[in-house]
Amino acid sequence: MATDQAAGGHVQQQQLFRVVDTAQVAPAGGVDVALVPPRSIPLTFFDVKWLHLPPVERVLLYRLSPDADVPAILSHLRTSLSQALGAFYPMAGHVVMPTPTERRHQLSYRPGDAVPFTTAEYDVDIDHLIADDDSAPVQVAALAPLVPHLPKGRAVLAVQATLLLGGRGLAVGVTVHHTTCDGAGSTHFLHTWAAAAAGAGHRQLPPPQAQPPVIDRELIPDPRGLYDMYLRSMPPVVSQDGFEFVLGKYQDPGEDKALATFTLSQQLLQSIKSAVADEAARRGMVTPPRCSSILATYGFIWSCYSQVRRAKTSKSNNTSYFLFSVDQRSRLKPPVPDKYFGNCCCPAIARAPTDEVAAGGMVGLFAACAAVAAAVEEEVREGAQERWDACVARVKEAVANGTLSVAGSPRFRVYDLDFGFGPPAKVDMVSVAKTGAISVADARPGGGGGVEVGISLPAATGDMDRFRQTVAQGMAWLL
C-alpha cells in the first residue's frame with residue numbers, strides 16, 4: 001500500500017508540473033569566451049573523489065509581489081546567468097574521460113558549450129512548500145519537480161526557473177556536479193549570478209564585490225600521487241564512452257520521504273557551548289572540547305539523530321560516525337586563494353560509542369560534541385595531510401557503518417542570494433534526500449541568527465516525527 005501511495009503521489013506531482021521552455025545559455029560577460037581557445041582543466045585528487053557520487057541539488061524559493069513582471073524576471077535570470085558563466089566558464093562544460101594522451105579526467109570547455117535553462121510552471125502554492133512551522137516537513141515528492149536534471153554527456157550544471165501557482169512564487173533550482181567544485185565554489189557562482197541579476201543591466205558586469213574565481217587546478221600539488229590512489233579505490237568505470245554521472249534516487253521503493261528544516265538559534269547554540277564547557281569542568285578536563293557554533297550544531301543534531309536511530313542499529317555496530325568537510329584552502333602549503341574554484345576540502349570523521357552518543361541528555365550531547373571536536377583537531381593539526389592517502393578508506397569504513405554526513409555551510413550565506421526580487425523565503429538542499437546527509441546553512445533573515453539544518457527521513461516509519469520530538473525535547477532542556 002505504501003508503494004502505491006508513493007507512486008500515486010508522484011503521478012499527481014507530474015500532472016501539476018509543466019515544462020514551458022528549455023534554452024541553452026552560453027558564457028558571456030567579462031570575457032569573450034567565443035574567442036578563447038578550448039580549455040581543459042585536469043581534475044585534482046580533491047575533485048576525483050566525487051566522480052561516482054550524485055550531484056548537489058538546491059532549490060531557492062522566492063515570493064513574488066502581485067505586480068511582478070515575470071517575463072522580465074525570467075529574461076534577466078537568463079541574461080545574468082550568461083554573464084556569471086563568463087567568469088565561471090567551466091560550469092558550461094563537461095567532464096571528459098582520460099585518453100592515452102591525457103591521463104587524468106578533465107573538466108572541458110569548448111566554445112559553443114552551454115547550460116540548459118529550463119522554464120516551467122508548477123501548480124503548487126509557495127505556502128505549501130514553505131511551512132509556517134519551522135520544523136514542519138515537506139514531502140520530497142513535492143520538491144522533486146523543481147530540481148533540474150543534468151544532461152547526458154557528464155555536463156556539470158543545470159538550472160531551472162519554475163513559476164509557482166498564481167505567480168505568487170518562483171523556484172530557482174540549481175544542480176551542480178561535485179567534481180566541478182565544492183560548496184564554496186558553487187555558492188560563489190550563485191552569488192555572482194545573483195549580483196549580476198540584481199544589477200539588471202543587460203550588458204553590465206557583476207559589481208566589484210562579486211570577486212572573480214581563481215581557476216587554476218595547478219595550485220593543488222600532488223607529490224604523493226593521491227589522484228591515482230583515490231581513483232584506484234573507487235568503483236571502476238565500466239565504459240569510457242558511456243559513463244554517466246550517478247543521479248541517485250529520491251526515495252526507496254515504498255518509502256515516502258519528507259524534508260524538514262530546524263533553526264538552531266544563537267541562544268540555543270550558546271547554551272550548548274556552555275553545557276559542554278560545564279560538563280568538561282565537572283569531569284576534570286583542563287581544556288574543554290572545541291565548540292564553535294557549527295560544531296555545537298553538529299553535536300546536537302548528531303546526538304538527536306542517534307537517539308532516533310538507536311532502535312534500528314545493529315547490536316554489533318557499537319561505533320557511530322559523523323562525517324563533515326574541512327576547507328583546506330588556507331591550510332595547504334602554500335595556501336590557495338579564498339576564491340579558488342574547485343574542490344579543496346577533506347573529510348573529518350567523528351567517532352563515538354553508539355551507547356554514549358545515543359544516550360540523550362548531557363551524556364549524548366557531550367559525547368557527540370567531544371567526538372566532533374576531536375575530528376576537527378585531527379584534520380587541522382600539523383602533519384594532518386600525511387593521513388590523506390587513507391582518506392577514501394576511512395570514508396568507506398564510516399559509510400559501511402551508517403554515518404551521518406553534512407552538506408553545505410552557514411559560511412555560504414544562501415539567504416543573501418537576492419536576484420533583484422528579494423532574498424529567498426526558503427532554501428532547500430533536496431539532494432540530501434538521496435544521500436542521507438543533513439544540510440546546514442545560515443538562518444533565515446529576521447530570526448535572530450543561528451544555523452538552519454535540513455534533514456530528510458521516511459515519514460511512514462515515524463522516524464521524522466520521532467526526530468522532531470527529540471529535537472524539541474533537546475531544545476526545551478537546553479533553553
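Let's start with Ala-359. At 38% relative accessibility, Ala-359 is partly exposed, because that class covers the range between under 20%, which is buried, and over 50%, which is exposed. This is a predicted model, by the way. Where does Ala-359 lie? In the loop between helix H10, residues 354–357, and helix H11, residues 361–380. What does Ala-359 touch, once residues up to four places away in sequence are set aside? Arg-310 and Gly-364. Now look at Ser-303. Ser-303 and Ala-359 are 56 residues apart along the chain. Their C-alpha atoms are separated by 7.9 Å.

Next, His-188. You'll find His-188 in helix H6, residues 183–199. Buried or exposed? His-188 is buried: its relative accessible area is 9%, and the cut-off for buried is under 20%. Leave aside the neighbours within four places in sequence, and His-188 contacts Phe-88, Gln-211, Pro-212, Pro-213 and Lys-339.

Let's zoom out. The protein has 479 residues, and 52% of them are buried. The count of elements is 14 helices and 16 strands. Take the contacts with a separation of 6 or more: 80% of them come from residues 24 or more positions apart. The accessible surface of the protein is about 20500 Å². Carbon and sulfur atoms hold 54% of that surface.

Now the sheet. A reminder first: strands of a sheet pair through backbone hydrogen bonds, either parallel or antiparallel. Here we have an open sheet of 7 strands, and the pairing is mixed. Reading across, the order is S7-S10-S16-S15-S13-S11-S12. Which strands are at the edges? Strand S7, at 138–139, and strand S12, at 345–353. Each of these pairs on one side only. Helix H12, residues 391–400, packs on this sheet. H12 touches S12 and strand S11, at 319–327. The direction of H12 makes about 40° with that of S12.

Walk along the pairings with me. Strand S10, residues 257–264, runs antiparallel to strand S16, residues 451–458. How many bridges join S10 to S16? There are 8. In this pair, Leu-259 stands opposite Ser-456 in S16.

Then there is strand S13, residues 404–408. Why call S13 largely enclosed by the rest of the structure? Because 4 of its 5 residues are buried. S13 pairs with S11 in the parallel sense, over 2 bridges. Leu-323 stands opposite Ser-405 in S13. S13 also pairs with S15, again in the parallel sense, over 3 bridges. There, Val-406 stands opposite Ile-438 in S15.

Last topic: empty space inside. Rolling a probe the size of a water molecule over the atoms shows where such space is left. How many cavities of 30 Å³ or more are there? The count is 4. The largest cavity has a volume of about 140 Å³, and 16 residues line that cavity. Which of them lie nearest its centre? Val-427, Met-429, Ser-439, Val-440 and Ala-441. S10, strand S14 at 426–429, strand S15 at 438–442, and S16 each supply at least two residues of the lining.

Ala-359 is partly exposed. His-188 is buried. Then follow S13 between its parallel partners, S11 and S15. That's my part done.

Key. Residues numbered from 1 in each chain as written. Predicted model: local features only at pLDDT ≥ 70, side-chain atom pairs only at ≥ 80, totals over all residues. Heavy atoms only, no water. Pairing = 2+ DSSP bridges. Contact = heavy atoms within 4.5 Å. Axes fitted to C-alpha atoms, helices over the stretch in contact; angles between N-to-C directions. Buried < 20%, exposed > 50% of the residue type's maximum accessible area, 1.4 Å probe, protein only. Areas by Shrake-Rupley, 256 points an atom, 1.4 Å probe, with all protein chains shown as cover. 1 Å grid on protein atoms, 1.4 Å probe; cavity = no way out; pocket = protein on both sides within 12 Å on 5 of 7 lines; lining within 4 Å. Points joined across faces, edges and corners; volume = space filled by probe spheres on them.
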